[in-house]
Amino acid sequence: MPSIKQVQVTFDCAEPERVARFWCEVLGYVIPPPPEGFATWGDFDRTLKPEHRGSAACVDPSGAGPRLFFQRVPEGKVVKNRVHLDVRVGTGLVGDERVAALEAECARLVALGAVRLELLVADGDYESCLVMRDVEGNEFCLD
(Lines give C-alpha, C1' and ligand atoms only; values in the text may rest on other atoms or scores of the structure.)
Protein backbone atom coordinates (compact mmCIF):
# COMPACT_ATOMS: atom_id res chain seq x y z
CA MET A 1 0.00 0.00 0.00
CA PRO A 2 1.49 3.42 -0.94
CA SER A 3 2.07 5.91 1.85
CA ILE A 4 0.63 9.42 1.83
CA LYS A 5 3.34 12.02 1.29
CA GLN A 6 1.37 15.29 1.51
CA VAL A 7 -1.54 16.72 3.44
CA GLN A 8 -3.60 19.86 3.01
CA VAL A 9 -5.22 21.54 6.01
CA THR A 10 -8.63 23.02 5.14
CA PHE A 11 -10.35 25.83 7.02
CA ASP A 12 -14.05 26.66 6.71
CA CYS A 13 -14.34 30.47 6.63
CA ALA A 14 -16.60 33.43 6.05
CA GLU A 15 -13.72 35.43 4.49
CA PRO A 16 -11.21 32.99 2.98
CA GLU A 17 -8.84 35.56 1.51
CA ARG A 18 -8.57 37.45 4.81
CA VAL A 19 -7.88 34.26 6.76
CA ALA A 20 -5.37 33.05 4.15
CA ARG A 21 -3.44 36.31 4.31
CA PHE A 22 -3.37 36.11 8.13
CA TRP A 23 -1.88 32.60 8.04
CA CYS A 24 0.63 33.64 5.35
CA GLU A 25 1.90 36.28 7.78
CA VAL A 26 1.93 33.88 10.73
CA LEU A 27 3.85 31.12 8.94
CA GLY A 28 5.84 32.96 6.28
CA TYR A 29 3.71 31.28 3.60
CA VAL A 30 2.73 32.81 0.25
CA ILE A 31 -0.36 32.85 -1.94
CA PRO A 32 0.42 30.45 -4.81
CA PRO A 33 0.13 31.53 -8.44
CA PRO A 34 -3.28 30.98 -10.07
CA PRO A 35 -3.90 27.74 -11.98
CA GLU A 36 -2.35 27.45 -15.42
CA GLY A 37 -4.32 29.36 -18.04
CA PHE A 38 -5.51 32.09 -15.65
CA ALA A 39 -3.88 35.48 -15.16
CA THR A 40 -5.36 35.98 -11.68
CA TRP A 41 -7.21 34.05 -8.97
CA GLY A 42 -10.20 36.30 -9.72
CA ASP A 43 -10.23 35.05 -13.33
CA PHE A 44 -10.18 31.46 -12.10
CA ASP A 45 -12.82 32.18 -9.44
CA ARG A 46 -15.28 33.46 -12.05
CA THR A 47 -15.23 30.03 -13.76
CA LEU A 48 -16.57 28.29 -10.63
CA LYS A 49 -20.15 27.81 -9.50
CA PRO A 50 -21.21 30.69 -7.21
CA GLU A 51 -21.24 28.48 -4.12
CA HIS A 52 -17.59 27.52 -4.71
CA ARG A 53 -16.26 31.03 -5.35
CA GLY A 54 -14.06 32.90 -2.96
CA SER A 55 -11.68 30.17 -1.78
CA ALA A 56 -8.02 30.89 -1.12
CA ALA A 57 -4.84 28.97 -0.36
CA CYS A 58 -1.38 29.56 0.98
CA VAL A 59 1.75 27.47 0.63
CA ASP A 60 5.15 27.12 2.22
CA PRO A 61 7.59 28.64 -0.29
CA SER A 62 10.17 25.99 0.68
CA GLY A 63 7.68 23.21 -0.06
CA ALA A 64 8.27 21.61 3.35
CA GLY A 65 5.02 22.56 5.10
CA PRO A 66 1.47 21.56 4.23
CA ARG A 67 -0.73 23.61 1.90
CA LEU A 68 -3.48 25.50 3.71
CA PHE A 69 -6.82 25.83 1.93
CA PHE A 70 -9.60 28.24 2.96
CA GLN A 71 -13.12 27.60 1.70
CA ARG A 72 -16.16 29.83 2.08
CA VAL A 73 -19.02 28.28 4.05
CA PRO A 74 -22.35 29.92 4.93
CA GLU A 75 -22.47 28.91 8.59
CA GLY A 76 -20.37 30.54 11.28
CA LYS A 77 -18.14 28.82 13.81
CA VAL A 78 -20.19 27.77 16.83
CA VAL A 79 -18.01 25.42 18.91
CA LYS A 80 -14.36 24.65 19.58
CA ASN A 81 -12.50 23.33 16.54
CA ARG A 82 -11.78 19.61 16.59
CA VAL A 83 -8.45 20.17 14.78
CA HIS A 84 -6.11 23.07 15.31
CA LEU A 85 -2.63 24.15 14.29
CA ASP A 86 0.26 24.33 16.73
CA VAL A 87 2.69 27.06 15.68
CA ARG A 88 6.03 25.78 16.97
CA VAL A 89 7.85 28.86 18.27
CA GLY A 90 9.17 27.44 21.55
CA THR A 91 10.77 24.21 20.35
CA GLY A 92 13.71 23.32 22.59
CA LEU A 93 13.00 26.13 25.05
CA VAL A 94 11.87 25.62 28.66
CA GLY A 95 10.70 27.71 31.58
CA ASP A 96 10.85 31.49 31.41
CA GLU A 97 12.78 31.43 28.11
CA ARG A 98 9.97 29.45 26.46
CA VAL A 99 7.23 31.68 27.89
CA ALA A 100 9.12 34.78 26.67
CA ALA A 101 9.29 33.34 23.12
CA LEU A 102 5.56 32.49 23.22
CA GLU A 103 4.65 35.96 24.50
CA ALA A 104 6.80 37.70 21.87
CA GLU A 105 5.13 35.76 19.05
CA CYS A 106 1.73 36.36 20.64
CA ALA A 107 2.32 40.12 20.55
CA ARG A 108 3.25 39.93 16.84
CA LEU A 109 0.14 37.92 16.01
CA VAL A 110 -2.21 40.13 18.05
CA ALA A 111 -1.01 43.02 15.86
CA LEU A 112 -2.15 40.94 12.84
CA GLY A 113 -5.64 40.46 14.31
CA ALA A 114 -5.25 37.32 16.44
CA VAL A 115 -6.73 37.12 19.93
CA ARG A 116 -4.81 35.87 22.97
CA LEU A 117 -6.86 33.43 25.03
CA GLU A 118 -4.77 31.72 27.67
CA LEU A 119 -1.23 30.86 28.68
CA LEU A 120 -1.12 27.23 29.81
CA VAL A 121 1.87 27.08 32.17
CA ALA A 122 4.16 24.04 32.27
CA ASP A 123 2.87 21.42 34.69
CA GLY A 124 5.60 18.79 34.90
CA ASP A 125 4.18 16.73 32.03
CA TYR A 126 3.80 19.40 29.35
CA GLU A 127 5.73 22.55 28.53
CA SER A 128 3.97 25.92 28.43
CA CYS A 129 1.84 26.83 25.42
CA LEU A 130 -0.31 29.82 24.56
CA VAL A 131 -3.84 29.39 23.19
CA MET A 132 -5.01 31.96 20.63
CA ARG A 133 -7.69 32.58 18.00
CA ASP A 134 -7.10 33.64 14.41
CA VAL A 135 -8.99 36.44 12.64
CA GLU A 136 -12.15 34.29 12.34
CA GLY A 137 -12.05 32.74 15.80
CA ASN A 138 -10.33 29.44 14.98
CA GLU A 139 -8.26 28.27 17.95
CA PHE A 140 -4.55 27.57 17.53
CA CYS A 141 -1.65 27.22 19.92
CA LEU A 142 1.77 28.76 20.14
CA ASP A 143 3.81 25.78 21.22
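Start by selecting G28, the residue that follows helix α1 and has a positive phi, near 75°. Before moving on, note that this is a predicted model, where local features need pLDDT of at least 70 and side-chain atom pairs count only at pLDDT 80 or more, while totals for chains, interfaces and linings use all residues. Residues are numbered from 1 along each chain as its sequence is written, and side-chain values use heavy atoms, with hydrogens and water left out.

Now step back into α1 itself, residues 16-27. Helices here are DSSP runs (H or I, at least four residues), strands are too (E, at least two), and both are numbered from the N terminus.

Which residues of α1 are buried? Colour P16, V19, A20, F22, W23, C24 and V26; buried means under 20% relative accessible area, exposed over 50%, and partly exposed in between, with a 1.4 Å probe and protein chains only. The cover over these buried residues includes β1, β2, β3, β4 (86-87), α3 (95-111) and β7 (139-142).

Next, show the sheet of 3 strands, an open one in the order β1-β3-β2 with mixed pairing. Two strands pair if DSSP finds at least two bridges between them. The edges are β1 (8-13) and β2 (56-58), each with a single partner strand, so one side of each has no neighbour in the sheet. On average, neighbouring strands in this sheet are turned by 20° against each other, direction ignored. Strands β1 and β3 (residues 67-72) run parallel and are joined by 6 bridges; pick F11 and you will find F70 of β3 opposite. Helix α1 packs on this sheet, touching β1, β2 and β3, and its direction makes about 160° with that of β3. Contact means heavy atoms within 4.5 Å; axes are lines fitted to C-alpha atoms, for helices over the stretch in contact, and angles run from 0 to 180 degrees between N-to-C directions.

Move on to the other sheet: 4 strands, open, ordered β4-β7-β6-β5, again with mixed pairing. Strands β6 and β7 pair in the antiparallel sense over 4 bridges, and M132 has F140 in β7 as its bridge partner. Helix α3 packs on the sheet and touches β5, β6 and β7; its direction makes about 10° with that of β6.

Then centre on N138, in the loop between β6 (129-133) and β7. Is N138 buried or exposed? It counts as buried, since its relative accessibility is 10%. Leaving out residues up to four places away in sequence, N138 touches F11, K77, N81, M132 and R133.

For contrast, go to K80 in the loop between β3 and β4, which is exposed at 55% relative accessible area. K80 and E139 are 59 residues apart in sequence, yet C-alpha to C-alpha they are 7.3 Å apart.

Finally, zoom out and colour domain 1 (8-72) and domain 2 (85-142), bounds that come from an automatic or database domain assignment. Their C-alpha centres lie 25 Å apart, and 14 residues of domain 1 are in contact with 12 residues of domain 2.
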